[in-house]
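Student: I would like a close look at one part of this model, the place where the two chains meet. Please take it slowly and tie it to the strands and loops around it.

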Amino acid sequence: MKLNERSLAFYATCDAPVDNAGFLHKKGGRHAAYHRRWFVLRGNMLFYFEEPGSREPVGVIILEGCTVELVEAAEEFAFAVRFAGARVRTYVLAAESQAAMEGWVKALSRASFDYLRLVVRELEQQLAAMRAGGCPPPPCRPRALLPKENGCAVWSAETPAAPTGASPRARPGPEPPPLPPRRRASAPNGPLDSASFAQLHELYGQEVRALRSQWLRSRAQP
Amino acid sequence: MRYNEKELQALSRQPADLAAELGMRGPKKGSVVKRRLVKLVVNFLFYFRTDEAEPVGALLLEHCRVTHEEPTGFSISFIEDPERKYHFECCSEEQCQEWMGALRRASYEFMRRSVIFYRNEIQKMTGKDPLEQFGISEEARFQLSGLKA
């Protein structure tokens, strides 16, 4: 499969803040040795470099659809990034401290685009409900309709492409995003659309709680 | 650069956010228009030969620019090489606008800015951080300071 690797490399090394970074030991293969690499998490991409100053990543793990688990391994502070499929594929990684491991597990568990999209939708609905009047609703089943108008003049469906790449802003703060597309009954929706954000968050929360109790149990053992 | 191709292929089989048969022309000089099944899944644009199950290729859509190309087409280019354009031909102005809108929103970075924006707005209106109830208010990825000026 062709892939725009130059753009991938740019995304890996551009100077925006990263979502997590640090040294991890990566297992080469099932019976291979661990290699120490500099890992950078940005969005749903986990890049790894020979070292922090390297100009280009050695590789990338595309994280969409993965689960993150603790594993039994000879290495301390090990965890796994697992992909379901016809052949289960697992990346075993090891951090250099307990705190680093917990930080990575937390960051990677929430790295998917789908998760972020759910957060956006939930906040959109809260804001729309608030603007319509009344208190923000507690997190619950998503509404069927997205707001058509938000009464904010800065928002427009098509932001004109500015030649210099910088668009003028009426007020300080982050630039408001364009309106989301209106849902059409015929448009295909992903499977996660039927799960409310609260349900999915509870699911992730269960995973994290399971990981924690696993870790606590392993700590208790002599 | 190494990447987990099997997982990317699996991603290409997920339900699409948008999919259509479009004319597609690669960035190389002298390339011709070919019919492709183009499928948008999260922040990837996959393109397939119309009768094949595995994609010919994928484009990661981070830091891309989507430009209208007369009359009913658009192009995608990337910030590190703006002259290198992938061209797409739609069957109508409406389809073209639909794709352009969807592609501009199909990046992790766009979603991140949206969260930060909504969080800020809700906080201004209520004085409360809406991410607190989900236990993610301390996440590095949602901090206001994370935005470039």
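Tutor: What follows goes from the interface as a whole to its parts, and then to the chains on either side. The model is a predicted one, and the values below are computed from it.

Begin with the extent of the interface. On the chain B side 72 residues are in contact with 76 residues of chain A. The size of an interface is often given as the accessible area lost when the parts come together. Here chain B and chain A bury about 6400 Å² between them, and 63% of that area is on carbon and sulfur atoms. Within chain B, the residues that lose the most area to chain A are B:Met1, B:Tyr118 and B:Phe134, which together account for 13% of what that side buries.

Which elements of chain B supply at least two residues each of the side that touches chain A? They are strand E1 (2-3), helix H1 (5-12), strand E4 (44-49), strand E5 (57-60), strand E8 (81-89), helix H2 (93-105) and helix H3 (108-126). H3(B) gives the largest share, 17 residues. Sorted by class, this side of chain B has 37 nonpolar, 14 polar and 21 charged residues.

Now the strands of chain B itself. Strand E2 (residues 18-25) of chain B runs antiparallel to E3(B), joined by 7 bridges, with B:Leu22 partnered by B:Arg36. E2(B) is also antiparallel to E8(B), over 3 bridges, and there B:Gly23 has B:Glu89 as its partner. E8(B) is also among the elements that supply residues to the side touching chain A. An unreviewed UniProt entry annotates residues 15-108 of chain B as "domain: PH". That span is 15% helix and 50% strand, and its end C-alpha atoms lie 18 Å apart.

Last, some backbone exceptions in the loops. Most residues other than glycine have a negative phi, and most peptide bonds are trans. B:Val42, in the loop between strand E3 (34-41) and E4 of chain B, has a positive phi near 45 degrees. A:Phe77 also has a positive phi, near 55 degrees, and its place is in the loop between E6 and strand E7 (78-83) of chain A. The peptide bond between B:Glu70 and B:Pro71 is cis, with omega about -15 degrees. B:Pro71 is in the loop between strand E6 (64-69) and strand E7 (73-78) of chain B.

How values were computed. Residues are numbered from 1 along each chain as its sequence is written. Chains are lettered from A and ligands numbered from 1 in the order in which they are written. This is a predicted model: local features need pLDDT of at least 70, side-chain atom pairs count only at pLDDT 80 or more; totals for chains, interfaces and linings use all residues. Side-chain values use heavy atoms; hydrogens and water are left out. Contact means heavy atoms within 4.5 Å. Buried area is the accessible area (1.4 Å probe) that two parts lose on being put together, summed over both. Helices (H or I, at least four residues) and strands (E, at least two) are DSSP runs, numbered from the N terminus. Ala, Val, Leu, Ile, Met, Phe, Trp, Tyr, Cys and Pro count as nonpolar, Asp, Glu, Lys and Arg as charged, and the others, Gly among them, as polar. UniProt positions are given in the numbering used here, feature names are shortened, and annotations may be inferred rather than shown by experiment. Two strands pair if DSSP finds at least two bridges between them.
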